[in-house]
Amino acid sequence: MLKEPLLSNNIVEKKWKKPLKGFIKINFDAAVGENRIGYGTIIRDEEGFVLGGGGGFKEFRLSVEEAECMGFEESINVARRLKLKEHVLFETDHVGLVNKLNNLDNDPLL
């Protein structure tokens, strides 16, 4: 091949990582279709044991960031139902949302 491929041949494996001892990790994510969004959350303890979760679908159009916010809101609601109040870590793969929540002024996606 004379030209490099457009897509990388490197395979990246993402794996859930345990939180620090005594912490709960709440992962949330969302997916956006043409006129439908899906979102979900899963809550695990330091050993990976599932404590709860939730999610759903909505029949309307949202941006990816808005859908991720809906997933974040759902994760907060599930944590409240489980009465989790401290030592909670939230995790998402949406860097723009993370930067906004952390009040970073140099968000590359803005």
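1. Let's start with a term: a residue counts as buried when its relative accessible area is under 20%, as exposed when that area is over 50%, and as partly exposed in between. Keep in mind, too, that this is a predicted model.

2. Now try the term on K25. With a relative accessible area of 7%, K25 is buried. Its salt-bridge partner is E91, with 3.2 Å from N to O. E91 sits in strand β4 (residues 88-91) and K25 in strand β1, so the pair ties together parts that are 66 residues apart in sequence. E91 itself counts as partly exposed, at 31% relative accessibility.

3. Both residues turn up again in the largest pocket, whose lining includes K25 and E91. The volume of this pocket is about 300 Å³. Which strand gives the most to its lining? That is strand β1 (residues 24-32), with four residues. By type, the lining has seven charged, two polar and two nonpolar residues.

4. The structure has five salt bridges. Among them is the one between E47 and K18, where the closest N and O atoms are 3.5 Å apart. E47 belongs to the loop between β2 (37-44) and β3, while K18 belongs to the segment before β1, 29 residues away. Both E47 and K18 are exposed.

5. K21 and E46 form another salt bridge, again with closest N and O atoms 3.5 Å apart. Here the segment before β1 holds K21 and the loop between β2 and β3 holds E46, so parts 25 residues apart in sequence are tied together. K21 is exposed, at 72% relative accessible area.

6. L51 lies in strand β3 (residues 50-58) and counts as partly exposed at 32% relative accessibility.

Technical notes:
Residues are numbered from 1 along each chain as its sequence is written. This is a predicted model: local features need pLDDT of at least 70, side-chain atom pairs count only at pLDDT 80 or more; totals for chains, interfaces and linings use all residues. Side-chain values use heavy atoms; hydrogens and water are left out. Helices (H or I, at least four residues) and strands (E, at least two) are DSSP runs, numbered from the N terminus. Buried means under 20% relative accessible area, exposed over 50%, partly exposed in between (1.4 Å probe, protein chains only). On a 1 Å grid over the protein atoms alone, a cavity is a set of points where a 1.4 Å probe fits but cannot get out, and a pocket is an open set with protein on both sides within 12 Å along at least five of seven lines; lining residues have an atom within 4 Å of a point. Grid points are joined across faces, edges and corners, and a volume is the space filled by probe spheres set on the points. Ala, Val, Leu, Ile, Met, Phe, Trp, Tyr, Cys and Pro count as nonpolar, Asp, Glu, Lys and Arg as charged, and the others, Gly among them, as polar. A salt bridge is a side-chain nitrogen of Lys or Arg within 4 Å of a carboxyl oxygen of Asp or Glu.
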